[in-house]
Amino acid sequence: MGDYQFLMLKDAITCINQKVNLFSVILDFTLPQRTKGTDYFCKLKVIDESHSEFWVPVHVFAQEIDGLPLVASVGDIIQLSRVTMTVHEGDVYAIFNNKFSSFALYDGKDGDSFHPYKVSLRFHAREHDERRIASLRKWLASSEVIDVPNFSLLREIDRVVCVNLACKVLHISKTTNDKWMIFLWDGTDAPPISIYNKLEDELQNPLPLHFEPLPPSRDVLCTFPTVGTILRVILDVDCVTYILQLLKVDQWMKFFHVFCKMHEGLWYGVFTSSSMIRDMPNDDILIFERQSNCDQRSLGELDRMPYWSCPWPSKITEVKRIDVPFSTLMDVLTCKKETNNFRCVVRFVAVIPWRVEDFRAPCGAYRVRFTLEDPTARIHAYAHAENGEEFFNCSSTDALKRKVIKLLGVPASRDGEAIMGGARNPPWVQCYLKSNPIKQRHWIFETKLLG
């Protein structure tokens, strides 16, 4: 066909083994990936007015990532020239070969410019391009062919699942195992996870305090919000350099098809080749909703209590000073004072030593290390000497066992016997902490374990 003739998709799919020109709307696309050779490829799904019920795949190959159509958003318009229509096992698709094909990308229905935001080397604008772009934009505005995706809050993740997220990028770092990780936040509290680690394994295989091998420096940590879960997301893609160029620290962005998983009671995400990233304008309603939810948490006395502890924590602990406002564990970790006291609502998820009979040192003083968590962080906190006496508040070993088992969320049989080795779901409880955030040392005090 002629170089300047554009076909509708319903006609193009009949031109098998011919080179055609297309003006279409992008329904979906993948991130760049390496082929088995030395070049890169990506896949597009395109539609137009003539073929809106069924999309047509486009496979694009290029020697460099920058030679691919790096699409800004689903619903954008693409102009494809000299792509070859091919059929495989009954499915028709277009092949883009950078030796003779070309492309141009334009904003979708909300665009007001007829200048492409990305073009390939061989692209040449044509006289009637603007008319076709305007026609497609008008069609998009009057149809519902582009679905508006749902975006989950972090507090809505309740299982291992693939989700779309609208989050603020807080930090990007390279881990010790040579993986890149991004830190995402939307101001909400991710749900607590059942703990499957055995209590007796804590000494040799302790619960991690954070998902990453090494935590961010204190300087970085002090830039993070102190309310809401910070989700660590691993970049598990070939085109890491390209993804890093798209990410903007301290900006809200949309993340599509992120796999949310669990590791030893901690949520984390995986960004794969099927995941996508989009910028968000500052006036996006999703930003307003998330920022408003976070701001509302700062209006009342209970703003820093975990969302999942409402309406009130379990009464198996008691703190002396109920006039002190609540703090999160991230408040504790980022406090700039050398020593300070905090009233927190936490879960006790692990203990060393695990046997109540070993809680006291040979000298008779308590020496117990607990692992505490809330939606913002995990820390180690000690019940030591006279503070331990006050906390455990018990003279009988059997009575103390019952209290500790309940505190750690160990399930019990109908007759009250502990069922060791199963999933644990520790209750949310109040706890008063004395902390030296600089040295990361924390002690439980002015708190009683009631059982």
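Modeller: Gladly! Contact here means heavy atoms within 4.5 Å, while helices (H or I, at least four residues) and strands (E, at least two) are DSSP runs numbered from the N terminus. This is a predicted model, where local features need pLDDT of at least 70, side-chain atom pairs count only at pLDDT 80 or more, and totals for chains, interfaces and linings use all residues. Residues are numbered from 1 along each chain as its sequence is written, and side-chain values use heavy atoms, with hydrogens and water left out.

Biologist: What covers the buried residues of α7?

Modeller: The cover includes β17 (340-352), β18 (367-374), β19 (377-384), α8 (397-407), β21 (441-444) and β22 (447-449).

Biologist: Why is helix α7 called largely enclosed?

Modeller: Buried means under 20% relative accessible area, exposed over 50%, and partly exposed in between (1.4 Å probe, protein chains only). Six of the eight residues of α7 (residues 385-392) are buried, so the rest of the structure largely encloses this helix. Among those six are Phe391 and Phe392.

Biologist: And why is Val161 called partly exposed?

Modeller: Its relative accessible area is 22%, and partly exposed lies between the buried and exposed cut-offs. Val161 sits in strand β9 (residues 161-174).

Biologist: Which residues does Val161 contact, leaving aside neighbours within four places in sequence?

Modeller: Those are Val258, Phe259 and Cys260. Val161 and Phe259 are 98 residues apart in sequence, yet 5.8 Å apart in space, C-alpha to C-alpha.
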